[in-house]
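I opened this notebook to keep track of what I looked up, one topic at a time. Each entry starts from a plain question and ends when I have an answer.

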Amino acid sequence: MTDLTLGSNILTVDDGAPALKVRGYWATVAHRLRYDYVTLFFALVIVLIVLAAICAPLLAPFDPLKTSMVYRLKPIGFRNFLLGTDELGRDMLSRLIYGGRMSLLMGLVPVVTATVLGGMLGVIAGFLGGRVNMLIMRTVDIFYAFPSVLLAVAISGTMGGGMANGLIALTLVFIPPLCRVAETATTQVRNLDFVEAARASGAPTASIVLHHVLGNVLAPVFIYASSLISVAILLAAGLSFLGLGVEPPTPDWGLMLSTLRQAIYVQPYVCALPGLAIFITSLSFNLVSDGLRQAMDVRI
Amino acid sequence: MWAYTARRILYAVPIAIGVTVICFGLVYLAPGDPVSMLLPPDASQADIEFLKKLYGFDQPIPVQYFKWLMRAASGDLGTSLQTSRPVLAEVSRALSNTVIISLGAVMLAFSLAFVLGTTAAYYVGRPIDRIVTGISVVGVSVPNYWLGIVLIIVFSVELGVLPATGMGSNGSDDFTLASWSQVKYAILPTITLSMVPLGIIMRSTRAAVAEVLAHDFVQTLRAKGLSELAVLRHAVRNALPQILAVMGLQFGYLVGGSILIETIFTWPGTGFLLSKAILTRDIPVLQGAILILALCFVATNLVVDLLQTAVDPRIKRA
Amino acid sequence: MDSPPRPKLDAVPPGDPRDRGGKIQPMLIVNGLRKHFPIRGGLLNRKIGSVRAVDDVSFVVLKGETLGIVGESGCGKSTLARLLMHLIPRDAGELIFDGDGVGEQRGISLRELRRNMQMVFQDSYSSLNPRLPVEDSIAYGPKVHGKSRKEAKEIARDLLTKVGLRPELFGSRYPHELSGGQKQRVNVARALALSPRMLILDEAVSALDKSIEAQVLNLLRHLKRHFNLTYVFISHDLNVVQYISDRVLVMYLGQVVEIGPVAEIYERAKHPYTRALLASRLSMDPDERIDDPPLTGDPPNPINPPSGCRFRTRCPFAEDVCAAKTPLLGEWVERTTHLAACHMEDARSGHSRAVRASAPGARTHMVAAE
């Protein structure tokens, strides 16, 4: 190849400005987040909750399973029981800290699993199109015909309850929406010019999906999945509340709410505590996922 | 337009069939086989065989499905194992109770959410907007079963003005909205149920109205000298189809997903029926209730879809 | 500073190892190309018609030339581009690249074709992957064809220089950090990354401001010279096509209506549609005003095109024979052949204004009937 002679009528495009430090995509996201105080604060809350759950044995003042007939339903601040005791005399604070483990587990595991499974299904459906797409999406539509609470209760209810069944039920509930989001994103990306250009350069399908499609699909899927976490936590606790999730005596916020319900006339504030924990956790995940969504919007 | 309507209805049919398949298949998710649930554990093999034949469990599954489907289509959903009453009657009576609080909840949510959401959209970015957005996030994040308990604590335990549970001394057969002595039982469940729809409808309203307000034609209206109130009216009218669609969907969700609230307040709706059926493993009721609720949801979606297309011809999904 | 002397323009350098057919063999022969898109509707989404996007199109692209393809929106140019690139499957017709059929047993494979023929897309927001730095977008093609990451990056940087962008400054930028003209240069670089012999440019400059457009057009001309390329340049802008093309092909409603050398087309157009198009161009000279639009009405529906000649519904010279028989383009012979698919050019068509067999060529002026 001979050297291109750049004549005067071709401009060597030069900004004139000194070479500015080009920030990558993730760096831009991080930069935007740095000034979003609300998101940062609630992200900190999440970190604290997760840490508390992990370090439960170190933090909890009492054994969460140790019952006591004498100290049943004591109010907040009674002697050493910082948050009171439940109907079997167990320390509320310890049970709340340990309960975080269960609630986080039942919230995060189904969403992660559903993202992987549903996302894969959606990308396949979106990329292949045609009959495969119709088959997959129509099946997903059928599951969509059930309200999520109903579906979760139906599946775990008929399977007999218990934690494992609860996890399975929740995963099945979240696969359809994630599949749909992935399919919509993939279908949109598939028709864009740069994907056609990649096809025009003779790349095999797997390479195109990996290098061009996936990168642009992951963001919307990830954002949607993060917004589902708060729903998952609520739903999981709801299942436990109905007796379909975690089994006693394992501490779990939803289960605690249910067993304490009978005692609201005796110690109303203690009975409301597990629900407060669910609320704060769910709220934090919601706000953080909202903040992430705004920060990750590439167009701006 | 009618071709679209027909096509949309036609499209709902395979979905409904799929729903029936799932409902039918749910029974087989249960541990153990269906017959053993009907009999005491020490039943003899002969009894089991006899019952199997009686209920048709010895036949291949697709055949069982069809038979079940045919019976369901004619209104026979079996009889409750607990009360021995026909399932359809139980479920439909419970359904009417659920509809009472669901409808109330959605209307309450809508009226509040509509006003607040529109205000927030009009004053985008200002403090009122942030407050309203905050409320909607809270509404979506709050576990409504917990809220129910909190409300009970506040209004029944502490203040003692509203009853905590049940549907009133007259029972569900004779419920009217006319007398306070009966309506007061419905108040707390309705308020609790309305929390999540409040958050969602408020968010949708804000988004829809804000989007319309950003359109160019709004500037044209202002340039023509229209008062702000009139401009807002026009904008809201454009956003209304979307908002109403969300409202309809939320209603469908509440009817199908009211189990938690009804359990707390022991409100004898379909949700409560479901939770009782789960506890007592009353499979016919479980199956029948899920089937009816899911089909109601499909029907609600269909109606919302068609209404939306009728009002806003731009929206036409394949 | 002395600039080194420019290399001389040479159509085919002696000994291009990839040249199989020789100087005379056209780079691309298109024969009877057809593509119809089905339309579904009705209750069961059955096929109720088809959009006849490209209908029986035949032409030839000679080595080293720039063939301009003009037409209005909906004439099928973009579909044609994608058919040539094998991005969408064709319904009928053959495509012969440098004497070899594509995908046939004795021809070249699709993968090999990709190394020979590439496409430059219109600068839309989606012409480059927003998640990749531009040098990665350019390097993707070579990587797919076996080059190592380092080699591919070298190729990318080299090309960035050749299209006039400094790799240190622009290589690691993202598409949304570039202007339209810069993005288009990247698009050209990406197309050149596989060292193709032919480029299809689909509305490559249509989205750019005029001054940038001029820069990019000049860049394209230089690149063509020094990489020894053949261009197919598709555009709706008549002036741009005139500037850059050697021969021009005019499309209307999925068919070729005229083809010929650029000077011939622009000064002595034969087809009424071409003439009307050329007459519609606005001039900078205020004395040359157009009072009556040369072309009225909307182009008819490509789903149900008029019988016979598709232009007859807007043609001032339309007669009965135009509805009865479809005019043929004629036999293309060599570079300077100028053909028009019009009954007035065919002595045996029966059209009242048909050119006589003995007459040397078309009339110089066609006066519109009252």
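**Confidence.** I noted before anything else that this is a predicted model, and that it scores ipTM 0.82 and pTM 0.80. For chain C I looked up the pLDDT, which averages 83, with 89% of the residues scoring at least 70. Over residues 1-12 of chain C the pLDDT is below 50, and this stretch has 12 contacts in the model beyond near neighbours in sequence. I found a pLDDT below 50 over residues 361-370 of chain C as well, where the stretch has eight contacts beyond near neighbours in sequence.

**Chain A against chain B.** How many residues of chain A are in contact with chain B? I read off 36 residues of chain A, which are in contact with 39 residues of chain B. On the chain A side, the elements that give two or more residues are α5 (130-144), α6 (148-159), α9 (205-241) and α11 (268-295), and the largest share, 10 residues, comes from α11(A). When I sorted this side of chain A by class, I had 24 nonpolar, nine polar and three charged residues.

**Two helices of chain B.** I then turned to helix α5 (residues 87-122) and helix α6 (residues 127-141) of chain B, whose axes come within 8 Å and cross at roughly 140 degrees. In the contact, α5(B) brings Leu116(B), Gly117(B), Thr119(B) and Ala120(B), while α6(B) brings Ile128(B), Asp129(B), Val132(B) and Thr133(B). By class, these residues are four nonpolar, three polar and one charged.

**The sheet of chain C.** Here I traced an open sheet of seven strands with mixed pairing, in the order β6-β7-β8-β3-β9-β10-β11 of chain C. Which strands are at the edges? They are β6 (117-120) and β11 (339-340) of chain C, each of which pairs on one side only. I followed β11(C) to strand β10 (residues 255-261) of chain C, to which it is joined by two bridges, the two strands running antiparallel. In this part of the sheet, Ile259(C) stands opposite Leu339(C) of β11(C). Lastly, I found helix α1 (residues 77-84) of chain C lying across β3 (66-70), β6, β7 (198-202), β8 (230-235) and β9 (247-252) of chain C, and running at about 155 degrees to β7(C).

Technical notes: Residues numbered from 1 in each chain as written. Chains lettered and ligands numbered in written order. Predicted model: local features only at pLDDT ≥ 70, side-chain atom pairs only at ≥ 80, totals over all residues. Contact = placed C-beta atoms within 7 Å. Helix = DSSP H or I, 4+ residues; strand = E, 2+ residues; numbered from the N terminus. Nonpolar A, V, L, I, M, F, W, Y, C, P; charged D, E, K, R; others polar. Axes fitted to C-alpha atoms, helices over the stretch in contact; angles between N-to-C directions. Pairing = 2+ DSSP bridges. pLDDT = per-residue confidence, 0-100.
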